[in-house]
Amino acid sequence: MPIYFATSSARKVQEAAAILGLPLTQINLDLPEIQALAVEEVVVAKARAAFAATGKTVLVDDTGFALEAWQGLPGALVRWFLETVGVAGICQMLAGAASRVVTVTTVVAVCDGEQVLLGRGALRGVVPAVPRGDLGFGWDTIFQPDGSDKTFAEMTDAEKNGLSMRRLALEELRPQLVALAGGGEEG
């Protein structure tokens with residue numbers, strides 16, 4: 001059984017397939033995205049909507065960008081911040097903030113019509129004063145994980161995938177995905 005991934009980002013599908021070591025088929029769905037700070041709430045609703053729209057088990061994900069200085073904002077609303085002020089705007093808005101610490105959390109989910117299975121991964125880091133790097137996508141230019149002197153956008157795919165919150169979330173969900181794909185349990 002193929003594993004479908006509902007996303008408009010071919011880059012995200014490539015990243016997830018490389019992390020999982022499983023083939024993924026991109027499926028474009030116009031899924032409603034509830035407005036919530038909590039990534040888990042958004043992903044559970046998306047997984048249920050994906051199953052309702054297709055009758056298939058479809059992988060969905062969402063990532064939150066929770067700034068300590070802003071009491072967790074923008075969280076799962078980061079997409080709207082990126083669309084309105086951009087990565088440079090977020091850096092500028094943090095100028096003079098007591099903290100530039102951010103926790104990025106990715107939650108991946110599948111719904112089989114009855115239950116929603118989740119995988120979660122989180123990383124802490126900082127937002128640099130200005131965006132750095134030209135690799136990656138989204139807010140990669142403004143996330144420097146703890147223990148690294150590079151932003152995600154300055155890392156190769158292998159470096160980023162080796163420590164990313166998406167990798168952590170996908171690895172947590174991987175046994176269930178393998179079983180759903182007909183591969184049985186891993187030993």
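What follows is a short chat about the predicted model shown above.

Q: Before anything else, what kind of model is this, and how are residues numbered?
A: This is a predicted model, in which local features need pLDDT of at least 70 and side-chain atom pairs count only at pLDDT 80 or more, while totals for chains, interfaces and linings use all residues. Residues are numbered from 1 along each chain as its sequence is written, and side-chain values use heavy atoms, with hydrogens and water left out.

Q: OK, how many helices and strands does the chain have?
A: The chain has 6 helices and 7 strands, where helices (H or I, at least four residues) and strands (E, at least two) are DSSP runs numbered from the N terminus. Along the sequence they follow the pattern β-α-β-α-β-β-α-α-β-β-β-α-α.

Q: And how compact is the chain?
A: Its radius of gyration is 16 Å, close to the 16 Å that the globule rule gives for 187 residues, so the chain is as compact as a globular protein of that length. That radius is taken over C-alpha atoms, and the rule is 2.2 Å times the number of residues to the power 0.38.

Q: What share of the residues is buried?
A: Buried residues make up 48% of the 187 residues in the chain, with buried meaning under 20% relative accessible area, exposed over 50%, and partly exposed in between (1.4 Å probe, protein chains only).

Q: Switching topic, how do H1 and H6 cross?
A: The axes of helix H1 (residues 10-20) and helix H6 (residues 165-180) come within 9 Å and cross at roughly 60°; these axes are lines fitted to C-alpha atoms over the stretch in contact, and angles run from 0 to 180 degrees between N-to-C directions.

Q: Which residues meet there?
A: From H1, Lys-12, Glu-15, Ala-16, Ile-19 and Leu-20 meet Arg-166, Arg-167, Leu-170, Arg-174 and Leu-177 of H6, where contact means heavy atoms within 4.5 Å. By class, this contact has 5 nonpolar, no polar and 5 charged residues, counting Ala, Val, Leu, Ile, Met, Phe, Trp, Tyr, Cys and Pro as nonpolar, Asp, Glu, Lys and Arg as charged, and the others, Gly among them, as polar.

Q: Where is there a cis peptide bond?
A: A cis peptide bond joins Leu-73 and Pro-74, with omega about -5°, and Pro-74 is placed in strand E4 (residues 74-75).

Q: What about Gln-71, buried or exposed?
A: Gln-71 counts as exposed, at 69% relative accessibility, and lies in the loop between strand E3 (58-67) and E4. Although Gln-71 is not a glycine, its phi is positive, about 50°. Most residues other than glycine have a negative phi, and most peptide bonds are trans.
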